[in-house]
Every structure is written in structure tokens, then in C-alpha cells.
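Here is my note on the model, as numbered points. Please read it with the sequence and structure open.

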Amino acid sequence: MDENNEKTLKRILLKDREIILLGTAHVSKESINDVESTIREENPDCVCVELDDVRYKSLTSKDTWQQINISQVLREGKGFLLLANLVLASFQKKLGSDLGVKPGDEMKAAIEVSQELNIKTEMVDRPIHTTLKRAWAKNRGWGRSKLLATLLSAAFSNEKLEEAEIEKLKNQSAMDNMMQEMAEYLPNIKGVLIDERDRYLASKIWESSGKKIVAVLGAGHLPGTERFIKELEAGTKTTDVSDIEVIPPKSTGSKIAAWIFPIVIIGLIVLGFIKGGGIKTGQMLLSFVLWNGGLAAIGAIIALGHPLAILSSFLGAPFTTINPFLGIGMISGLVQAWAKKPQVRDMENLTNDAAKISGWYKNRITKVLLVFILSSLGSSIGTFITVPALIANLIK
């Protein structure tokens with residue numbers, strides 16, 4: 001058998017039980033076969049799967065994406081989370097479609113074979129929304145920009161992988177190289193997506209019942225999960241993972257930073273009034289509105305937003321800039337969703353449309369996300385330009 005097609009399997013013999021870690025590539029036909037044959041051959045007491053309850057429902061329910069209420073998502077401040085979920089899902093689906101495999105088919109196979117053999121299954125991964133929120137919270141400024149750029153480049157990439165290349169993802173050395181590249185480019189992201197989840201997976205697998213356990217995991221998690229399980233056995237680690245199940249609170253510095261631009265902008269306009277009266281104040285206000293509202297509107301235009309979404313971006317951005325509790329993306333996105341209500345076909349074709357640039361403009365749900373993102377980006381750029389522009393007006 002070709003070594004790239006051999007099972008990536010780690011057998012951990014403990015004092016009173018055995019844990020078998022089976023590594024997979026998430027869009028691999030060979031991985032599906034590996035999962036089915038391993039569970040049948042080992043006949044374990046329990047099968048642990050690298051899924052959480054939400055992703056399990058998504059995997060087994062055909063209408064998951066059809067249940068999205070885009071307006072509610074924006075109101076709850078989950079626009080970026082939906083974007084990340086959607087991009088990851090469409091990217092994996094695009095890879096899998098080239099090979100005739102759906103993302104997560106190997107996890108689904110593990111559950112189906114376990115049910116057939118009357119074997120208990122347990123979902124042992126951390127909730128996806130917690131992982132994404134922690135990844136976002138642990139990155140600031142440039143780190144978030146790099147994260148968004150990585151997500152969008154993955155979504156719109158036309159790169160096609162051959163089946164042999166997909167199978168190489170199960171090879172430990174190849175996976176180690178990928179993890180090293182991620183650690184160098186996005187160290188905080190690698191810590192959240194890989195290191196924390198290795199620890200979480202190990203803890204939940206350890207807590208699973210049975211003398212023999214088979215755990216089906218992405219191959220990249222095998223080394224870290226194995227290490228944590230051995231540390232649990234040695235007593236140097238505990239199964240308490242409460243510290244990585246919560247969203248890190250905003251630091252005092254970031255809370256203060258959210259108020260800096262509003263205070264500076266208002267302060268400059270007040271100084272303009274003191275120095276030059278109504279005329280100077282009017283000039284500065286006009287500069288503020290044109291830069292901030294204008295660039296937010298340009299963002300909505302680039303997204304090909306509805307005229308009302310463009311208008312709301314222009315009028316709303318100056319107000320949301322001096323209010324840290326509101327974002328113009330939420331307002332413009334809600335207006336876009338109201339003006340062009342998503343239809344059933346948009347929900348049915350969501351992941352397919354998200355895999356290509358034209359689809360983002362055609363699908364009404366992704367169009368809302370585009371308006372949300374690009375108007376927010378325009379307003380942010382406008383805010384940075386506004387301060388020097390106001391100072392220039394002040395010293396004239």
C-alpha cells in the first residue's frame with residue numbers, strides 16, 4: 001500500500017484502557033474508508049468525533065443554511081462569525097467537490113458506522129462559535145486584517161488539489177510544515193485553532209467512557225492531542241478546560257481605545273468652534289461627514305448595495321464613528337437586508353455562491369455581508385483620515 005494511503009493512527013495504551021486516535025483529511029475518500037474499517041476492526045466501546053453539537057446538526061441536517069436569519073445575525077453582532085463560518089464551509093466544499101466528497105463525510109461515516117454497530121458516539125470538539133470568537137478576540141488591528149485577508153483569499157482561490165495532495169494532509173511531516181507556516185503568519189490563530197483544541201479534544205476524549213475508545217480527528221490534531229492525553233495520564237495536566245471555553249473580555253486598553261477617536265473628533269470640532277465660530281465649525285463638520293460618510297458609502301457602492309444602503313452608510317457613518325456601541329456595517333447591512341430580502345434560493349445556494357466572487361454579488365445573503373464588511377472598512381479608513389483632515393482645517 002502507498003504510504004500516503006496508510007492509516008494515520010496513534011494507539012495509546014493506558015493502565016486500564018486503550019485510546020486509538022485516527023487522523024483524517026476532511027475531504028478525503030481514503031479517510032472515509034479508514035474510518036469505517038477502523039471502527040469495524042477495533043469494535044470500541046465509544047467513538048469520539050471531532051465535532052460539536054452545532055456542526056453535527058449542520059452535517060446531518062440538509063436545511064441548516066436555510067434557517068439563517070441574516071438580520072438577526074447582524075443585530076446580535078455575529079456578522080464576522082457568519083462570514084468566517086461561510087468561508088470555511090465553502091472552501092472545504094469546493095475542495096471536496098473536485099474529489100466527489102463532501103466536507104465532514106468521514107465524521108458522518110464514523111457516526112453512521114457506530115450507530116450500525118450500536119457503539120456510543122460522543123462529540124468532543126469545542127463549539128465552533130467559541131473557537132471563532134476567541135480567534136477574533138485574540139487578534140487586534142493588523143492581526144484581524146490578516147485573518148480576514150486569509151479567509152477571503154481562501155474563499156476566492158481557484159486552486160485545485162489532486163486526491164494525492166489531499167491524502168498528504170494525513171502525513172505528519174506535511175501537516176507539521178503547514179502548522180509551522182500558520183504559526184509564523186498568524187501565531188494567535190494557530191494557538192486558538194490548533195493548540196487550544198488539541199487540549200480540549202484530549203480532555204473530552206479522556207472523560208469519555210469505555211475501555212477502548214476510537215477518536216476520529218483531523219490529522220493535524222494527532223500530535224498535540226496525543227501529548228495532552230499522556231500528560232493527563234501522568235497527572236501533570238487536568239481535564240479542566242473552563243479557561244478556553246470563554247470569550248476573553250476586552251482589555252482596559254481596548255475599551256479606552258474605542259473612545260479615543262470619538263473624543264478626539266468631538267474635541268477638534270469644539271476647538272474649531274472656539275477658534276473660528278460657526279463657519280469654522282461648519283467646515284470641519286463638512287470635512288468629517290465627507291470623509292467618514294463618503295468612504296463608508298463608497299464601500300457600500302463597491303458592494304453594489306441598494307441605494308438606501310448606500311445612503312444609510314453615508315448618513316450613518318459619522319454618527320456611529322462617535323458612538324463606540326454602534327457600527328455602520330450593522331446599520332447598512334440591515335437596510336440592505338430589508339430592501340432586498342433574501343429568498344429561499346439564496347439560502348439553498350449559499351455555500352456554492354460563497355465560493356466565487358460573482359456569487360457574493362448575486363446571492364442576497366452574501367450581498368448583505370459584503371455591504372456590512374465594505375461599509376465598515378470604508379468608515380474605518382475615513383476615521384483615520386478624518387483626524388488629520390480636521391487638524392488641517394483647524395490650523396488654516
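1. Glu196 lies in helix H10, residues 187–207; helices here are DSSP runs of H or I with at least four residues, numbered from the N terminus. Glu196 is buried because its relative accessibility is 12%, and buried means under 20% relative accessible area, exposed over 50% and partly exposed in between (1.4 Å probe, protein chains only). Apart from neighbours within four places in sequence, Glu196 contacts Arg126, Arg134, Lys138, Gly191 and Ile244, a contact being heavy atoms within 4.5 Å.

2. On the basis of these values: this is a predicted model, in which local features need pLDDT of at least 70 and side-chain atom pairs count only at pLDDT 80 or more, while totals for chains, interfaces and linings use all residues. Residues are numbered from 1 along each chain as its sequence is written, and side-chain values use heavy atoms, with hydrogens and water left out.

3. The largest nonpolar core has 21 residues. Such a core is a set of buried Ala, Val, Leu, Ile, Met, Phe, Trp, Tyr and Cys residues joined through side-chain atoms within 4.5 Å. Helix H3 (70–75), helix H4 (79–97) and helix H18 (364–395) each supply at least two residues of this core, and H18 gives the most, with eight. Ile70, Leu86, Trp360 and Leu369 have the most contacts inside the core. Not counting residues up to four places away in sequence, Ile70 touches Leu82, Ala337, Pro342, Ile365, Val368 and Leu369.

4. A second, separate core has 16 residues, among them Ile12, Leu14, Ile19 and Ile213.

5. How many disulfides does the structure hold? The number is zero, where a disulfide is a pair of cysteine sulfur atoms within 2.5 Å. For Cys46, the closest cysteine sulfur is that of Cys48, 4.2 Å away, which is too far for a bond. Cys46 counts as buried because its relative accessibility is 0%, and Cys48 is likewise buried at 0%.

6. Ile322 sits in the loop between helix H13 (307–321) and helix H14 (328–339), and counts as partly exposed because its relative accessibility is 30%.
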